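Subject: Structure handover

Hello,

Here is the structure you asked for. Please look it over before reading on; my notes come after it.

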2 protein chains.
Amino acid sequence: MLPLTELQMADIMSRLNIKSLSEATIRQIVAVCGAAESVAGEPFIHLEVGNPGLPPNSIGIAAEHKALDNGVPAVYPPIMGVPELKNAASRFLKAFVDLDIPARCIVPSVGSMQGSFGMMLLLSFRDPAKDTMLYLNPGFPPQHLQARLVGLKEASFDIYNYRGAALEEKLESILSKGNVTGILYSNPNNPAWTNLTEKELEIIGRLATKYDAIVLEDMAYMGMDFRRDCGTPFVEPFIPTVGRYTDNYVVLLSASKIFSYAGQRVALVCMSPSVYDRRYTTLQNFLAMPAFGDAYVFGIVYAVSSGVSHSAQKAMAAMLDAAADGHINFVDDCREYKSRCEKAKTVFTDAGFHLVYDTDDGEPVSDGFFFTAGYRDMDSETLQRQLMRHGVASISLPGTGSKLHGLRICVSKLADDKDFETLAQRLKAFADEQA
Amino acid sequence: MLPLTELQMADIMSRLNIKSLSEATIRQIVAVCGAAESVAGEPFIHLEVGNPGLPPNSIGIAAEHKALDNGVPAVYPPIMGVPELKNAASRFLKAFVDLDIPARCIVPSVGSMQGSFGMMLLLSFRDPAKDTMLYLNPGFPPQHLQARLVGLKEASFDIYNYRGAALEEKLESILSKGNVTGILYSNPNNPAWTNLTEKELEIIGRLATKYDAIVLEDMAYMGMDFRRDCGTPFVEPFIPTVGRYTDNYVVLLSASKIFSYAGQRVALVCMSPSVYDRRYTTLQNFLAMPAFGDAYVFGIVYAVSSGVSHSAQKAMAAMLDAAADGHINFVDDCREYKSRCEKAKTVFTDAGFHLVYDTDDGEPVSDGFFFTAGYRDMDSETLQRQLMRHGVASISLPGTGSKLHGLRICVSKLADDKDFETLAQRLKAFADEQA
């Protein structure tokens, strides 16, 4: 029965040896949920996990079927990627982002997780004086873990207080130390769903060039800033990118969200030609390959997995081609998240919640995959725990590097009216308790 | 036209900026081959690449088709693996290796490359005093690269001179230093196709326990020591393993060769329960997870790729189950390599070649996926280059950590009589030149 009592909740956490929800990993939250659902005897509303909430793209599925029948499972995929995927990605990036990245500079990865991990691993070897990754927080917690695993130090700040022109001074103060090898952010942002403005991208790009930091631009939610429609190939507006303001960039492009293809673990590391071709004596000495891109392919990808599922590469190639040809509109396909987000925000604000990350340098944030919610001045731990008692699971902001209190709400699993009604009832029950 | 002249060969290598074939990576050898084929105007005999030479297992294909249609591409795979794969692997290991490894200790990896990389990455954190990987050479070159990437030192020796009882003193001399965290070998051996005897496995196991080194036993070519038939489930003889002699072991089990499924990049890291459950304060401090196995799943796998292709996991589960149920006989399916190997060895010895790694502590080595060939007292570089001139591509032994001169011959691509005839003609032409 919901809500769980404080005692039941404390008992569940004690049994799982979890002291704090706001410091728990997503996996631990999932474990708490499972136990709590079992105690309550009712399913929870799952706003914690970022699984796609739509069916997988049918063109990808068809291409994988065909690849399986063509015998590709017996053949090692080329570690630099199958040519049709590299070519399709190059055209896709031109069509929707207006970037010119040749096929040779595009390399598949086992999800963007492998992309950012592999990039950080390589960055850790390029220059002994550059030993730090800079994160524009909030962000995706395992990307911080990646830096630690490869032995890079971390610098970070919460962008909330440094939007617009204020970003320049903050970035300059960090980058001027000269020890930053890479800058990582996701745009749109996970969890805050903020989007960097053109002015902010220009600042980041200019300073990345000035201080030789390589920007890892994670486009997991590409095109899902629905305030403008970037879904028509080769037609403006194009998807914003730091790549317009620096040659020091790498785009991480994943099939997981834009094609609802997370299960097959296929994404792309798209290096600017300038990054790919940069030569380092450190890499020559360590890997016997001076060029950054070659070292990534033949030094890193070779060693960490020897490539990416052969059939999944064919699937992603087909989906990218279909998008660039205008046969599918991946932006429209994802617009369902916008509608779920609008409804969910209304349900939350009706219950007395507010948006935490609410604007992009003045303009209200977009509706999309995530949003952030706070309740009065309640701290994250209490809020997350109280909502869990009421059958609503979420992630709290401090775990994402945010300096603010509140929750990350993922709308992908809110599929029908019943879900929204249940959510509204539970949030009301929570709010009534606070009255 | 074949043979290429010395001048043509020198020109090709100079164009590709490759000074030495015996020190080149496989990828560079492939590039030389491509250029040489183009100059010669004739296809080469490819004995260099270890791709499966058989069609992919049809039960795997069918299971992947079904998984694709069931919507798994939209769903993140559990990072610890789908339950049916973990359960199938546990039963498979019991059926063919007679090991008791519970499902919870078995974790899928993106090929065994990710398995050994991830294990080494984790081993690099478990104990600061244990900073070295020990390799029983010869071996697979990128596994040495993996240690360097994660910051582990390397120790190694060529087992050729330390077979049988001699292995004990050699291992003792290295392990007694106390700095070895892991021991890696493949059995059957790539490239030498030697197989460790029960006596040798006992020595390795006993000393691994004594000095707390964790053995990574790479079973990429599992069951392919065709001198005895280990293809009947739950019936002796079982596949040899160090796991009978120590609890300090991890088996790497790949679908690539035994099911001809290399393209889909799916394998398993199978930890002994004792290894999985070992607790380290170092891991508690670094990853907030004390147990070795938990740290591997939620610290390493999560960060390096967040799991393995969802449909490929279903495929491997189906193939393992079919084997344990006796519906397929993966050992018989691979026996074609034995027959290709017998024929190839005859062609080579008829042309005056000899086996380099010829016995397992006295007993002639098995016929299988690879064998090693030398020619008189010719050094590896000269031999590899002269055969390349004559249209026969191979890998040389020094690059695999061997102290001996000769070549690794992979028989998988020798598919029909025509291939063997062409090979015989070219080896004869080579031998005639030496007369």
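I start with Asn17(B). Asn17(B) is exposed, with 7 other C-beta atoms within 10 Å. The cut-offs: 20 or more other C-beta atoms within 10 Å of a residue's own make it buried, 12 or fewer make it exposed, and anything in between is partly exposed, with C-beta atoms placed from the backbone. Asn17(B) is not a glycine, yet its phi is positive, about 60°. It sits in the loop between α1 (6-15) and α2 (26-40) of chain B. Helices (H or I, at least four residues) and strands (E, at least two) are DSSP runs, numbered from the N terminus.

Some ground rules. This is a predicted model, in which local features need pLDDT of at least 70, side-chain atom pairs count only at pLDDT 80 or more, and totals for chains, interfaces and linings use all residues. Residues are numbered from 1 along each chain as its sequence is written, while chains are lettered from A and ligands numbered from 1 in the order in which they are written.

Other backbone points:
- Phe234(A) also is not a glycine and has a positive phi, about 65°. Its place is the loop between β6 (214-218) and β7 (249-254) of chain A. With 12 C-beta neighbours inside 10 Å, Phe234(A) counts as exposed.
- Leu2(A) and Pro3(A) are joined by a cis peptide bond, omega about -5°. Pro3(A) falls in the segment before α1 (6-15) of chain A.
- Asn187(B) and Pro188(B) are joined by a cis peptide bond too, omega about 0°. Pro188(B) is in the loop between β5 and α8 (198-210) of chain B.

Now the two copies. A rotation of 180° with 0.0 Å of shift along its axis puts chain A on chain B, RMSD 0.0 Å. That is the relation of a two-fold axis. In chain A, His65(A) comes closest to the axis, at 3.1 Å (C-alpha). The same surface serves both copies: 100% of the contact residues of chain A recur in chain B.

The contact takes 48 residues from chain A and 48 residues from chain B. Contact means C-beta atoms, placed from the backbone, within 7 Å. Elements of chain A that each supply at least two residues to its side include α3 (58-69), α12 (292-304) and α13 (310-324).

Domains next. In chain A, 27 residues of domain 1 are in contact with 29 residues of domain 2. On the domain 1 side, α14(A) gives the most, with four residues.

Last, two enclosed elements of chain B. In helix α12 (residues 292-304), 12 of the 13 residues are buried, so it is largely enclosed by the rest of the structure. Strand β3 (residues 132-137) has six of six residues buried, so it is likewise largely enclosed by the rest of the structure. β3(B) pairs in the parallel sense with β4 (residues 153-158) of chain B over six bridges, and with β5 (residues 180-186) of chain B over four. Pairing requires at least two DSSP bridges between the strands. Met133(B) stands opposite Glu154(B) in β4(B).

Best wishes

Definitions and conventions:
Copies are superposed by least squares on the C-alpha atoms of residues with pLDDT of at least 70 in both. Two residues are in contact if their C-beta atoms, placed from the backbone, lie within 7 Å.
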